Amino acid sequence: QQWTSITAEQESHFKEFRDRRWRIEKDVVRTDRLYPFYEDETNITMLNDILLTYSFYNFDLGYCQGMGDLLSPLLMLLQDEVDAFWAFACVMDSLGGNFNRDENAMQWQLTAIG
């Protein structure tokens, strides 16, 4: 979680970090909120932290809406931040192309089934 060491001063000069954190915080509060697992704020924080950590782990891809929907069931199942992070990273190794802004992977898949 290298992002936890970013100071307020550094953050003020790091627009990409501020943008990612804002998008993640906005999406996390809407992810699977009907499940009892997320009645505990600690689990919401874990979901947020894993997504923010992943956005630094795979900096080129960053964060896109929908990633929390993939991570959430992993976190509920594993109930461990580190294990859920690595499981999510493996899922994203396979599905990450679907989140690229150019949508090339998604277009290729649609062409393959069409």
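Residues are numbered from 1 along each chain as its sequence is written, and side-chain values use heavy atoms, with hydrogens and water left out. As the model is predicted, local features require pLDDT of at least 70 and side-chain atom pairs count only at pLDDT 80 or more, whereas totals for chains, interfaces and linings use all residues.

The chain contains 6 helices and 0 strands, where helices (H or I, at least four residues) and strands (E, at least two) are DSSP runs numbered from the N terminus. The order of elements along the sequence is α-α-α-α-α-α. Of the 114 residues in the chain, 36% are buried; buried denotes under 20% relative accessible area, exposed over 50%, and partly exposed the range in between (1.4 Å probe, protein chains only). Contacts are defined by heavy atoms within 4.5 Å. Among contacts between residues at least 6 apart in sequence, 59% join residues at least 24 apart. The accessible area of the chain is about 7,200 Å², with carbon and sulfur atoms supplying 53% of it; such areas come from the Shrake-Rupley method with a 1.4 Å probe, and for residues only the protein chains shown count as cover.

The largest nonpolar core comprises 27 residues, of which Leu51, Tyr54, Met67, Leu75 and Phe88 touch the most other members. At least two residues of this core are supplied by each of α2 (15–28), α3 (41–57), α4 and α5 (81–95), and the largest share, 8 residues, comes from α3. A nonpolar core is here a set of buried Ala, Val, Leu, Ile, Met, Phe, Trp, Tyr and Cys residues joined through side-chain atoms within 4.5 Å. When neighbours within four places in sequence are left aside, leucine 51 is in contact with Ile24, Val28, Tyr63, Met67, Gly68, Leu71 and Phe88. Leucine 61 lies in the loop between α3 and α4 and counts as buried, at 14% relative accessibility. The C-alpha atoms of leucine 61 and methionine 92 are 9.9 Å apart in space, with the two residues 31 apart in sequence.

A polar residue is also found in the interior. Serine 72 is located in helix α4 (residues 67–78) and is buried, because its relative accessible area is 0%. Its side chain makes a polar contact of 2.6 Å with the side chain of aspartate 32. A polar contact is a pair of N or O atoms within 3.5 Å; within protein, one must be able to donate a hydrogen and the other to accept it, and residues adjacent in sequence count only if both atoms are side-chain atoms. Apart from neighbours within four places in sequence, serine 72 is in contact with Thr31, Asp32, Tyr38 and Leu47.

Aspartate 32 itself is placed in the loop between α2 and α3 and is partly exposed, with a relative accessible area of 24%. Its phi is near 50°, a positive value in a residue other than glycine. Most residues other than glycine have a negative phi. Glutamine 79 likewise has a positive phi near 50°; this residue is found in the loop between α4 and α5 and is exposed, with a relative accessible area of 55%.

Side chains of opposite charge can pair when their charged atoms come close. The search of the whole structure finds 4 salt bridges, each defined by a side-chain nitrogen of Lys or Arg within 4 Å of a carboxyl oxygen of Asp or Glu. Aspartate 19 pairs with lysine 15, the closest N and O atoms being 2.6 Å apart. These two residues are separated by about one helical turn, because they are 4 residues apart in helix α2. Arginine 20 and glutamate 16 form a salt bridge at 2.9 Å, N to O, and are likewise 4 residues apart in helix α2. Within this pair, arginine 20 is buried at 4% relative accessibility, whereas glutamate 16 is partly exposed at 31%. Glutamate 25 and arginine 21 also form a salt bridge, with closest N and O atoms 3.8 Å apart; glutamate 25 is partly exposed at 41%, as is arginine 21 at 26%.

On the surface, Tyr57, Val82 and Trp86 form a nonpolar patch with about 340 Å² of accessible area together. Patches are made of residues with over 30% relative accessible area and no salt bridge, like charges being joined within 9 Å and nonpolar side chains (Val, Leu, Ile, Met, Phe, Trp, Tyr) within 5 Å. Tryptophan 86 belongs to helix α5 and is partly exposed, with a relative accessible area of 45%.
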